[in-house]
Amino acid sequence: MEERIVSSRGRGLGGAVRVAVLALLWGSTFLWIELALRGLSPLQVTFVRCVLGALVLTVACYASGRRLPRGIAVWRHIIVAAFFCNALPFALFSLGQQTVDSGLAGALNATTPLWSIALGLALGSERGLRPVRLTGLLLGFAGVLLILAPWRTAGATGWGALAILGAAASYAVAFTYMGRTLVGKGTPTLSLSAAQLVAASGLTSLAMPIGGLDAVGVGPTVVIAALALGVLCTALTFHLTYRIINEEGATNAAVVGYLLPVVSVLLGAVVLGESLSVRVVLGMAVVLAGVGMTRRTGAPTAAAAPRGGRVSGARALVRPQALHGPRRAAHAANLVHGHLDEGP
């Protein structure tokens with residue numbers, strides 16, 4: 001019994017460290033984008049992220065004895081996922097942050113779970129949405145309106161915020177698609193994540209003649225920002241994202257979803273001297289409250305119970321193996337967003 005308690009404490013401490021590291025990495029993405037934009041165009045930032053991330057994960061893939069996926073069918077899915085999960089949102093974040101502070105960008109990115117539920121309603125995988133979750137969905141988007149303040153915000157700032165919202169929505173589409181077509185099909189997650197960033201690099205390179213051939217202002221800050229974006233905030237976190245989709249019981253992702261905007265705001269204020277109005281801070285709080293309400297669930301399902309027929313703990317996860325079709329895809333997407341759907 002004593003050994004179990006020590007082991008449990010060790011896992012708890014390790015889990016807290018992992019949550020802190022992931023929140024710092026994901027939350028710092030917007031700071032590094034802001035710094036990289038001081039010498040690179042938005043498309044160049046996107047291309048560098050994808051190429052560096054692909055290089056790191058491909059080397060890790062072959063070093064671990066794995067290889068990139070083979071077959072036209074799987075690569076078709078990888079290309080679609082690469083567009084919605086990497087090429088498009090990376091470009092939209094960089095475009096948006098030309099006029100939007102890094103802290104606000106992180107707050108707007110926190111709307112991804114709301115877009116996921118909205119997508120689930122459209123696809124029919126979110127049926128019988130509970131009143132509390134529906135209220136949370138509406139409250140979350142009300143918070144977005146409060147942040148954007150369309151009655152006051154106009155011009156470049158308004159368009160930049162819309163671009164970042166588009167990136168968050170693109171993530172929701174991508175995670176659902178990845179859950180349906182790529183995860184749990186027998187391909188190692190490291191191989192999938194490496195292949196997806198390779199595909200994203202190819203997609204981004206096709207757009208380089210449009211806005212990626214501008215003069216580059218390379219300095220120490222820009223180089224460090226680009227390396228941090230590609231290696232830490234793209235390669236490492238993207239592979240962890242795939243593992244969260246694929247592995248059962250990724251409950252720590254929920255905490256990361258709440259900490260990410262806090263980290264982005266703090267880093268923006270401390271490092272870049274960004275300031276936030278009371279309206280924006282209140283809007284962020286409303287968004288996070290809405291996201292929290294969408295995670296409110298009822299009693300666990302039978303699928304979540306262990307073999308003995310009893311559910312341990314206050315909550316239990318739906319086993320992905322017990323779900324099929326759209327519901328399994330939605331559950332996989334919710335794991336990534338930090339939204340654990342345990343309802344019927």
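Q: Is Cys85 buried or exposed?
A: This is a predicted model, and the relative accessible area computed for Cys85 is 2%. Residues under 20% count as buried. Cys85 is therefore buried.

Q: Which residues of the largest nonpolar core touch the most other members?
A: The core in question comprises 67 residues. In soluble globular proteins, nonpolar side chains tend to be buried together. The residues that touch the most other members are Leu57, Ile78, Cys85, Phe93, Leu108, Met178 and Leu182.

Q: How many disulfides does the count come to?
A: A disulfide is a covalent bond between the sulfur atoms of two cysteines. The cut-off applied here requires a pair of cysteine sulfur atoms within 2.5 Å. By this rule, the number of disulfides is zero.

Q: Is Cys233 buried or exposed?
A: The relative accessible area of Cys233 is 4%. The limit for a buried residue is under 20%. Cys233 is therefore buried.

Q: How many helices and strands does the protein chain have?
A: Read along the sequence, the chain follows the pattern α-α-α-α-α-α-α-α-α-α-α-α. The totals for the protein chain are 12 helices and zero strands.

Q: What percentage of the residues of the protein chain count as buried?
A: The protein chain has 344 residues. A residue counts as buried under 20% relative accessible area. The buried part of the chain is 50%.

Q: Why are α2 and α8 roughly antiparallel to each other?
A: Helix α2 covers residues 42-63 and helix α8 covers residues 189-211, and their axes are 8 Å apart. Angles over 145 degrees count as roughly antiparallel. α2 and α8 are therefore roughly antiparallel, since they pack at an angle of about 155 degrees.

Q: What is the handedness of the crossing of α2 and α8, and how many residues of each class are in their contact?
A: The crossing of α2 and α8 is left-handed. By class, the contact of α2 with α8 has 15 nonpolar, 10 polar and no charged residues.

Q: What is the relative accessible area of Gly202, and how far apart are Gly202 and Cys50 in space?
A: Gly202 is located in helix α8. This glycine is partly exposed, with a relative accessible area of 31%. In sequence, Gly202 and Cys50 are 152 residues apart. From C-alpha to C-alpha, the distance in space is 8.8 Å.

Q: At what angle do α5 and α6 pack?
A: Helix α5 spans residues 112-123 and helix α6 spans residues 131-148, with their axes 10 Å apart. α5 passes α6 in a left-handed crossing. The packing angle of α5 and α6 is about 125 degrees. That angle makes α5, relative to α6, oblique.

Q: At what angle do α5 and α11 pack?
A: Helix α11 spans residues 278-294, and the axes of α5 and α11 are 9 Å apart. α5 passes α11 in a left-handed crossing. The two helices are oblique to each other. The angle between α5 and α11 is about 45 degrees.

Note on methods:
Residues are numbered from 1 along each chain as its sequence is written. This is a predicted model: local features need pLDDT of at least 70, side-chain atom pairs count only at pLDDT 80 or more; totals for chains, interfaces and linings use all residues. Side-chain values use heavy atoms; hydrogens and water are left out. Axes are lines fitted to C-alpha atoms, for helices over the stretch in contact, and angles run from 0 to 180 degrees between N-to-C directions. Helices (H or I, at least four residues) and strands (E, at least two) are DSSP runs, numbered from the N terminus. Angles under 35 degrees count as roughly parallel, over 145 as roughly antiparallel, 65 to 115 as roughly perpendicular and the rest as oblique. A crossing is left-handed if the near helix is turned anticlockwise from the far one by less than a right angle, and right-handed if clockwise. Ala, Val, Leu, Ile, Met, Phe, Trp, Tyr, Cys and Pro count as nonpolar, Asp, Glu, Lys and Arg as charged, and the others, Gly among them, as polar. Buried means under 20% relative accessible area, exposed over 50%, partly exposed in between (1.4 Å probe, protein chains only). A nonpolar core is a set of buried Ala, Val, Leu, Ile, Met, Phe, Trp, Tyr and Cys residues joined through side-chain atoms within 4.5 Å.
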